[in-house]
Amino acid sequence: MIWPFKPRYRKQIARIEINGAIGSETRKRVLEDLKTVEERKFPALLLRIDSPGGTVGDSQEIYSALKRLQKKVKIVASFGNISASGGVYIGMGAEHIVANPGTITGSIGVILRGNNIERLLEKIGVSFKVIKSGPYKDILSFDRELTEPEQHILQELIDTSYQQFVQTVAESRNLSHDTVRSFADGRIFTGQQAVELGIVDRLGTEEDARCWAAELVKLDPKKTQCFTFEKPKPFVSRLTGSNLTPNSIIAANRWLEFELSTSGLPLWMYRP
């Protein structure tokens, strides 16, 4: 038999990082990497998550892909400095979860944001004429307040997304819906508290998570290496052709891209 990929992958642990806000770019990259993990027949996956959350749909697609992969690959998630909201949702796609005692996690809930600059527009003499097919087509417009019916519509949308979140956590962690709701009110908690609540299995470092993944597939933790999937260059670096851009500029650029692309979208997002 001719193997399409080198057998060495079966003696390694795949490693994928999810850093920063979760949006369409993260989704595309992670889904491609998960497909490669399956094709190369890695026995285990170490999923490192360091994210405050992100968009609902993108988080759900990554979670669904992880659940499908679980049938073929052992998955251990490692929560880093922060794994909150959408980061938690994605973590539910792993069989096992490890977090540092001081990891910031939780923030299970949904937020939808819009901006109202009506008074500013009035001061500078700017107004808009809107022609629309229905009364709610310009919902969340930045030049006016929400009406009561609009608030009701958006609240129902948020409540539905929240129920999806609660159900996923309950099913993935084998908890009752009432138990999940008791702490899924948007609050954040530490990794140590997360263990007590049943969100996290063990306290430990990323290295502890790697060793656990190796043990699950009967590989020697001391000898087993990780195959880390490389992330694409940040947007600023792609423009300048340089990797020397200061981290602060890169981080600001990522947030700007995310803010511009998610205005008016429901978010599973921890916002300190």
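Colleague: How many salt bridges does a search of the whole structure find?

Modeller: The search finds 16 salt bridges, each being a side-chain nitrogen of Lys or Arg within 4 Å of a carboxyl oxygen of Asp or Glu. This is a predicted model, in which local features need pLDDT of at least 70, side-chain atom pairs count only at pLDDT 80 or more, and totals for chains, interfaces and linings use all residues. Residues are numbered from 1 along each chain as its sequence is written, and side-chain values use heavy atoms, with hydrogens and water left out.

Colleague: Which residue does Glu206 pair with?

Modeller: Glu206 forms a salt bridge with Arg15, and their closest N and O atoms are 2.5 Å apart. Arg15, Glu17, Arg48 and Glu206 are linked in a network of salt bridges.

Colleague: And is Arg15 buried or exposed?

Modeller: Arg15 counts as buried, because its relative accessibility is 12%, where buried means under 20% relative accessible area, exposed over 50% and partly exposed in between, using a 1.4 Å probe and protein chains only.

Colleague: What about Arg29 and Asp33, buried or exposed?

Modeller: Both are buried, and the side chains of Arg29 and Asp33 meet in a salt bridge at 3.8 Å, N to O.

Colleague: Switching topic, which residue forms a salt bridge with Glu95?

Modeller: That is Lys74, with the closest N and O atoms 3.6 Å apart. Glu95 is partly exposed, with a relative accessible area of 28%, and Lys74 also counts as partly exposed, at 32% relative accessibility.
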